[in-house]
Amino acid sequence: MQINLVTQLLAALDTEALVTYVFEDTDPVQGRLAEIDQAAGGTSGGPSGGLLRKLAQAGEFSGKTLEFTLLHAPPGLKAARLLLVGAGKRDQFNSATLRKIAGAALRYLKSRGVHKFAFLVRENDATDESAQAIVEGAVTADFETDKYKTDKKNDKFIESLTLAGYSDAEKSAGEKGLAKGRIIAESQNFARDLVNEPSNKLTPRILAEKAEAMARESGLAVDILDDRKITELKMGALLSVAQGSIEPPRVIVVTYTPSNAKPGSPVIGLVGKAVTFDTGGISIKPADGMEKMKYDMAGGATMLGVMRALAALKPNVKVICVVPATENMPGGRAQKPGDIQTSMSGKTIEVLNTDAEGRLILADAITYAKQLGVTHIVDSATLTGAIVVALANINVGVFGSADQGWTDKLLTSAKAAGEKMWQMPMDDEYREFVKGSFADLQNIGSGKGGGSITGAWFIREFAGDTPWVHLDIAGTAWNDDPKPWLAKGPTGVSLRTLVHLVMSY
Ligand code: BES
Ligand code: ZN
Ligand code: ZN
């Protein structure tokens with residue numbers, strides 16, 4: 001999709017469809033809408049009104065969020081169609097709404113065979129932030145999960161998007177936002193594409209190859225640890241998960257080094273769970289719905305997507321991404337409940353349930369990241385079904401260490417990026433749940449509930465004193481039903497937040 005920004009007057013915009021948004025208001029025909037209305041033969045605010053005022057009076061559009069009104073051959077405009085999208089109440093309107101509106105408009109027009117459209121920002125919205133949100137919304141909405149369908153409808157595609165409503169003075173800000181939004185959204189789609197791959201097409205080795213290719217293309221340093229190196233490093237927790245599979249594990253390490261790092265600035269560690277398929281191992285999962293466990297590598301894919309975006313956005317801090325990749329299979333050599341493993345940190349773990357494998361691989365990845373010198377850690381993982389019980393598919397679960405400042409920084413970035421996240425409690429009392437009977441730790445609690453917190457506390461034991469935030473994305477990384485602005489399937493959740501977090505230094 002081509003994306004550009006023009007400063008033309010709106011009546012002169014020659015496009016297949018001109019899209020703009022209307023607020024829920026006693027008079028929705030104000031500002032730019034009134035301009036369009038005048039072009040359509042009305043007098044400003046006068047009782048005769050133009051087409052839009054007549055339609056508004058007839059109740060044809062109300063401004064309710066994501067209500068669509070499509071007009072063909074709108075009088076006074078060069079555009080072949082005018083699409084009005086409801087934006088809700090003006091005082092609740094923000095970039096998150098704009099992102100959804102742009103995405104929903106793209107999917108609406110794409111399904112109707114439109115190839116080129118222009119998106120007009122309303123008065124006061126001609127900012128870099130709006131341009132970024134519109135482009136993020138459009139590019140992520142354009143992503144489809146039909147890669148393996150052979151009967152694709154090839155006539156349904158969007159060729160170009162034009163941003164409009166910017167003056168000459170506002171143009172450079174708009175273009176800056178456009179470029180940033182494009183980098184972030186394309187990186188989000190890169191991550192979603194990895195998540196969408198089935199496990200036979202994305203083994204740990206293939207994921208490592210794809211990560212390596214991405215790093216080389218983006219100019220990032222990359223180091224792939226193979227099974228020999230992983231053994232040498234004594235990553236016993238990761239190896240214990242991998243031993244049930246014929247496919248060898250990998251640890252993917254991608255590093256971004258700024259050219260101008262300030263002395264004393266942090267080194268951020270991004271750690272992402274990449275279980276390319278989670279059968280549960282010997283504690284095997286039920287067959288119903290097991291196919292979805294191909295998305296158990298979404299945390300790792302997200303982190304690789306973040307690195308891809310950072311390579312282009314060039315923040316001032318060093319970032320090291322560590323992605324442990326493995327299958328969790330019940331093969332003949334698989335670990336069994338009760339087995340005791342020694343992690344890279346030296347801490348011993350009693351594996352009471354082989355399906356609680358994410359925390360095992362994250363334990364070693366975090367230990368390794370610390371060895372590489374990270375000072376602050378974020379991990380993202382499809383860790384627990386329990387987070388779906390607590391927060392459904394709406395909020396990402398956020399868990400932090402004692403350093404609330406680091407957690408707050410992440411939550412601020414989540415707000416700015418328009419991703420819903422909710423902090424969960426991490427009281428010391430929960431720590432008891434992961435104390436082992438026969439080893440230092442056990443990988444599940446003893447049936448006292450609080451499954452997501454238990455998982456988080458297990459990982460925290462390995463982060464130690466290093467400021468750490470854990471994101472449980474099990475409920476939010478996969479979209480079961482298509483949304484007007486997003487296809488069914490991988491969401492790429494947490495990528496925008498993490499890019500914002502790193503860029504805030
Ligand atoms: N990958 C799963 C978590 C998951 C569940 C992700 C649903 C996406 C959707 C994880 O490895 C797992 O199996 N967790 C267990 C932990 C339990 C054994 C303590 C779970 O949540 O059931
Ligand atoms: Zn599992
Ligand atoms: Zn898992």
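This is a predicted model: local features need pLDDT of at least 70, side-chain atom pairs count only at pLDDT 80 or more; totals for chains, interfaces and linings use all residues.

Visitor: Which residue bridges the zinc ion (ligand 2) and the zinc ion (ligand 3)?
Guide: Look at the two donor lists. The zinc ion (ligand 3) takes Lys273 (NZ), Asp278 (OD), Asp296 (OD) and Glu357 (OE), while the zinc ion (ligand 2) takes Asp278 (OD), Asp355 (O), Asp355 (OD) and Glu357 (OE). The two ions lie 3.2 Å apart, and the bridge between them is aspartate 278.

Visitor: Is the site of the zinc ion (ligand 3) octahedral or irregular?
Guide: Six donors count as octahedral if opposite ones are over 155 degrees apart and all others between 65 and 115. Around the zinc ion (ligand 3), the six donor atoms make angles of 77 to 172°, and the site is octahedral.

Visitor: And what is the arrangement around the zinc ion (ligand 2)?
Guide: That ion has six donor atoms as well, with angles of 71 to 168°. Those angles make the arrangement around the zinc ion (ligand 2) irregular.

Visitor: How many residues apart in sequence are the parts that aspartate 278 and glutamate 357 tie together?
Guide: Aspartate 278 sits in strand β10 (residues 274-278), and glutamate 357 is in the loop between β13 (348-351) and α10 (358-371). So the pair links parts whose separation in sequence is 79 residues.

Terms used:
Residues are numbered from 1 along each chain as its sequence is written. Chains are lettered from A and ligands numbered from 1 in the order in which they are written. Side-chain values use heavy atoms; hydrogens and water are left out. Donors are N, O and S atoms within 2.8 Å of the metal (3.2 Å for Na, K and Ca); water is not among the atoms, so sites may look incomplete. Four donors count as tetrahedral if all angles lie between 85 and 135 degrees; four count as square planar and six as octahedral if opposite donors are over 155 degrees apart and all others between 65 and 115; anything else is irregular. Helices (H or I, at least four residues) and strands (E, at least two) are DSSP runs, numbered from the N terminus.
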